[in-house]
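Hi,

Here is the model I said I would pass on.

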Amino acid sequence: LCHESCEENGSLFEVSHPFLLSLKRALGAIVRQKNQPMTPEAVKANWQKICDFENASKPLRIQESIGSIIGVLSKIDSEGGISTNSTSHAASAAPSAFAEIIGHELPSFSSAYTELQTIMYALGVGASVKEPKDMKFIYEGSTDFSCLPTFGVIIAQKPITGGDLPQVPGLSVDFGKALHGEQYLELYKPLPRSGEFVINFIFSLICFSVYSYFEEELICYNQFSVFAVGSGGIGGKRVSDKAKVAVPVPNRPPDAVRSDATSLNQSALYRLSGDWNPLHIDPNLAGFAGFDRPILHGLCTFGFSARHVLQQFADNDVSRFKAIKARFSKPVYPGQTLQTEMWKEGNRIHFQTKVQETGDIVISNAYVDLLPTSEISAKTPSEGGELQSTLVFEEIGRRLKDIGHEVAKKVNAVFEWHITKGGHTAAKWTIDLKSGSGKVYEGPAKGSADATFTLSDEDFMEVVLGKLDPQKAFFSGRLKARGNIMLSQKLQMILKDYAKL
């Protein structure tokens, strides 16, 4: 506009400012090249496209207005050279193109994680050492170490955060303008503490269905619902028939409320789980996008809310988690306090999440479905019955009948064992060598255990058979111990000197 040949006079332009200066927005043109200076000559050469309002959009919210700007910035950064705006040839995709996309399946891909990633995620969504019951999510040595259920979204998000979707043939959507509107997650089994999943990613309009398999068994299902701003004209319905429906909360005061203050570093921490969008970390880009400072990831708020429901109504028992559905309403700034209001109706917990400081609802029309405790306990005996370790504990119990009194006098301790299978606790056993003649029984200690050990069924058998040194198993993380672990030296009496196993 400062070039001496510019003849514009009396015109209004929107120039990356948080105030709305125009009711209509031209599609414009990208006139900058990667690592090249911006010049008045480049603007002049594209002036006709910049001022072409033939396919103008009408942004109604700041997110719609800034979406294309962020998309352009990412294109400039990723491509060697950019010419005109790739969306300027058409404002919408043809109905036939979308018809071809529906049901399209991306090539299967793997998504692996370790205990480190699950701990990082738990910290990213607010789990803390200040809450003792959170230790099971942030300390791998906990006897009941578990993966938060909402980590299931991290396993599935690779095509979305990795930029694979714009490469799908026929998907004529400007993902710079796409907004993450809703999220649904369903678990068929608790997530293992670590593992490698095979992921199937399927399109249904702008609703992505993601199926995650562990050892050929379907463990979780995700549904990412995206609002594609400016991509209308497809014909038919505006939403997918397959989309899980968001449900309004009950019209009464909440049954329970929980709150957590987010850290100023919350976005910086959460992005380590795989969502690298610079809008959540770069103050300059956030300001350019119209925000006072970087905003929190919507799925981070999602994780905070799910934790609150799990704490309040399931005592942090991940095996009771079945499904969650949520709608993202407004952004959250790191440092603000998240307040989750909850309503219990049977095994469905309706909830909405607010920013405590402003009263703004940031997650709405949401719910968590829990499994009844009776359904969980009914599964346990059959799982335990398939374990090799069951035979060993039963044999120890039989042999202690003859020598239990003598062993109890020498050991004087109660040991609790948590046997895992596929990353989940499959059985608990107690060896009581403190009272009377000693006894062995299935289940947790009836009083308090002096030492608790956690290891897989396979590793337990390796230790018993002398093929795996317990000390090496402990330092490698295959054997977890809690309590007075020095008492483990006395286990030699049980496993070798007396039981002759």
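What follows is a walk through the parts I looked at.

A word on the ground rules: this is a predicted model, with local features needing pLDDT of at least 70 and side-chain atom pairs counting only at pLDDT 80 or more, while totals for chains, interfaces and linings use all residues. Residues are numbered from 1 along each chain as its sequence is written, and side-chain values use heavy atoms, with hydrogens and water left out.

**The chain overall**

The protein chain has 16 helices and 15 strands. These are DSSP runs numbered from the N terminus, with helices being H or I of at least four residues and strands E of at least two. Of its 501 residues, 47% count as buried, where buried means under 20% relative accessible area, exposed over 50% and partly exposed in between, with a 1.4 Å probe and protein chains only. If you take the contacts (heavy atoms within 4.5 Å) between residues at least 6 apart in sequence, 72% of them join residues at least 24 apart.

Two strands are taken to pair if DSSP finds at least two bridges between them.

Strands β11 (residues 413–421) and β12 (residues 424–433) run antiparallel and are joined by nine bridges. Along that pair, phenylalanine 415 stands opposite isoleucine 431 of β12, and lysine 421 faces histidine 424. The two strands form a hairpin with two residues between them, and glycine 422 in the turn has a positive phi of about 65°.

Aspartate 432 has lysine 439 of β13 as its bridge partner. Five residues lie between these strands, and among them glycine 436 takes a positive phi near 55°. As for cover, β12 is mostly hidden, with seven of its 10 residues buried.

**The bent helix on that sheet**

How far apart are the end C-alpha atoms of α13? They are only 25 Å apart for 24 residues, short of the 34 Å that a straight helix would reach at 1.5 Å a residue (the expected span is 1.5 Å times one less than the number of residues). There is a kink of about 85° in α13, centred on isoleucine 403, the bend at a residue being the angle between axes fitted to the seven residues ending there and the seven starting there. The buried residues of α13 include Phe393, Ile396, Leu400, Gly404 and Val407. After the helix comes asparagine 412, with a positive phi near 55°.

**Helix α5**

In α5 (residues 115–124), Thr118, Ile119, Tyr121, Ala122 and Gly124 are buried. Their cover includes β1 (109–113), α6 (135–138), α7 (152–156), α9 (266–270) and α11 (298–314). Glycine 126 follows α5 and has a positive phi, near 100°.

**Threonine 262**

You will find threonine 262 in the loop between β6 (256–261) and α9. This residue is buried, with a relative accessible area of 6%. A polar atom of its side chain lies 2.8 Å from the backbone nitrogen of glycine 335, and the side chain also reaches the backbone oxygen of glutamine 336 at 2.6 Å. For these polar contacts I used pairs of N or O atoms within 3.5 Å; within protein, one must be able to donate a hydrogen and the other to accept it, and residues adjacent in sequence count only if both atoms are side-chain atoms. Leaving out residues up to four places away in sequence, threonine 262 touches residues including Leu296, Phe304, Tyr333 and Pro334.

Aspartate 315 is not a glycine, yet has a positive phi of about 50°; aspartate 315 lies in the loop between α11 and β7 (321–328). Asparagine 365 has a positive phi near 50°, and its place is in strand β10 (residues 361–370).

Cheers
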